[in-house]
Amino acid sequence: MLRRSLLAAAFSLTAMVAVSQPATAEKQTAIFAGGCFWCVEADFDKVPGVLDTVSGYAGGSTENPTYRTYSSGGHREVVKIDFDDAKVSYDRLLEIFFRSVDPTDAGGQFCDRGESYSTAVYALDDAQKAAAEKAKQEANAALGGKVATPVLGSAKFWPAEDYHQNYYQSDERILSRFGLVKKKDAYKGYRKGCGRDARVRQVWGEAAFTGIK
């Protein structure tokens with residue numbers, strides 16, 4: 001009898017602990033095309049709740065695209081963003097995305113021209129598609145009906161080569177027109193020279209880079 005009472009008490013305590021534990025948030029994924037994937041990766045790494053970013057290619061018709069072949073295969077440069085939805089929602093990521101690019105430009109982004117550098121949201125399910133369409137409408141209203149960014153269906157993601165990942169943080173040296181420089185310094189020069197930040201601020205004003213620390 002005593003043993004049963006002890007077991008019952010232990011079970012009740014376990015149940016109370018289980019109930020009091022907060023639900024574990026599942027990792028979610030977003031895929032955005034915003035021009036140069038180095039820049040998109042650098043921006044979203046600064047968003048609280050983002051767990052990981054990977055530069056890559058998506059949207060084309062060819063298998064195993066590389067940096068040399070992705071454009072001819074119809075792919076865009078994209079970033080796969082894994083995030084903790086208990087800390088940042090997909091809706092919030094969409095708001096941040098639209099305000100970190102020039103969504104009015106259908107022909108590329110900044111100094112990078114062509115469809116492979118154009119913006120897009122790849123919605124991975126119906127809920128993401130509905131959220132993306134809503135975010136696009138809100139951005140469109142804010143910018144006077146000029147948003148050209150398409151909301152597309154799910155597309156296979158192909159990770160880019162290792163040397164593209166975390167490019168903006170890399171101390172590895174490369175040969176450039178400025179001589180032998182670190183990748184992170186080459187990235188800074190490229191981003192400034194391409195006019196990315198200046199154009200985003202011109203388009204969005206005070207709302208530019210919302211949510212990016």
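Predicted model: local features only at pLDDT ≥ 70, side-chain atom pairs only at ≥ 80, totals over all residues.
Biologist: Is Cys36 buried or exposed?

Modeller: Buried means under 20% relative accessible area. Cys36 has a relative accessible area of 6%, so Cys36 is buried.

Biologist: Which residues is Cys36 in contact with, leaving aside its neighbours within four places in sequence?

Modeller: Contact means heavy atoms within 4.5 Å. With the neighbours within four places in sequence left aside, the contacts of Cys36 are Glu77, Asp112, Tyr117, Tyr190 and Arg196.

Biologist: Which cysteines form a disulfide?

Modeller: A disulfide is a covalent bond between the sulfur atoms of two cysteines. The structure holds one disulfide. Its sulfur atoms are 1.9 Å apart, and the pair is Cys111 and Cys194.

Biologist: Where in the chain do Cys111 and Cys194 lie, and how many residues apart are they?

Modeller: The link of Cys111 and Cys194 is left-handed, with -110° about the S-S bond. Cys111 is in the loop between β4 (108-109) and β5 (112-113), while Cys194 belongs to helix α5. The pair links distant parts of the chain, 83 residues apart.

Biologist: Which accessibility class does Cys111 count as, and which does Cys194?

Modeller: Values under 20% count as buried and those over 50% as exposed, with partly exposed in between. Cys111 is at 42% relative accessibility, so Cys111 counts as partly exposed. Cys194 is at 10%, so Cys194 counts as buried.

Biologist: Which residues in α5 does α2 meet?

Modeller: On the α2 side, the contact is made by Trp38, Cys39, Ala42 and Asp43. The residues of the contact divide into five nonpolar, no polar and two charged.

Biologist: How are α2 and α5 oriented to each other?

Modeller: Helix α2 (residues 37-44) and helix α5 (residues 183-194) have their axes 11 Å apart. The two helices pack at an angle of about 100°. Angles of 65 to 115 degrees count as roughly perpendicular. Therefore α2 and α5 are roughly perpendicular to each other.

Methods:
Residues numbered from 1 in each chain as written. Heavy atoms only, no water. Axes fitted to C-alpha atoms, helices over the stretch in contact; angles between N-to-C directions. Helix = DSSP H or I, 4+ residues; strand = E, 2+ residues; numbered from the N terminus. Parallel < 35°, antiparallel > 145°, perpendicular 65-115°, else oblique. Nonpolar A, V, L, I, M, F, W, Y, C, P; charged D, E, K, R; others polar. Buried < 20%, exposed > 50% of the residue type's maximum accessible area, 1.4 Å probe, protein only. Disulfide = S-S within 2.5 Å.
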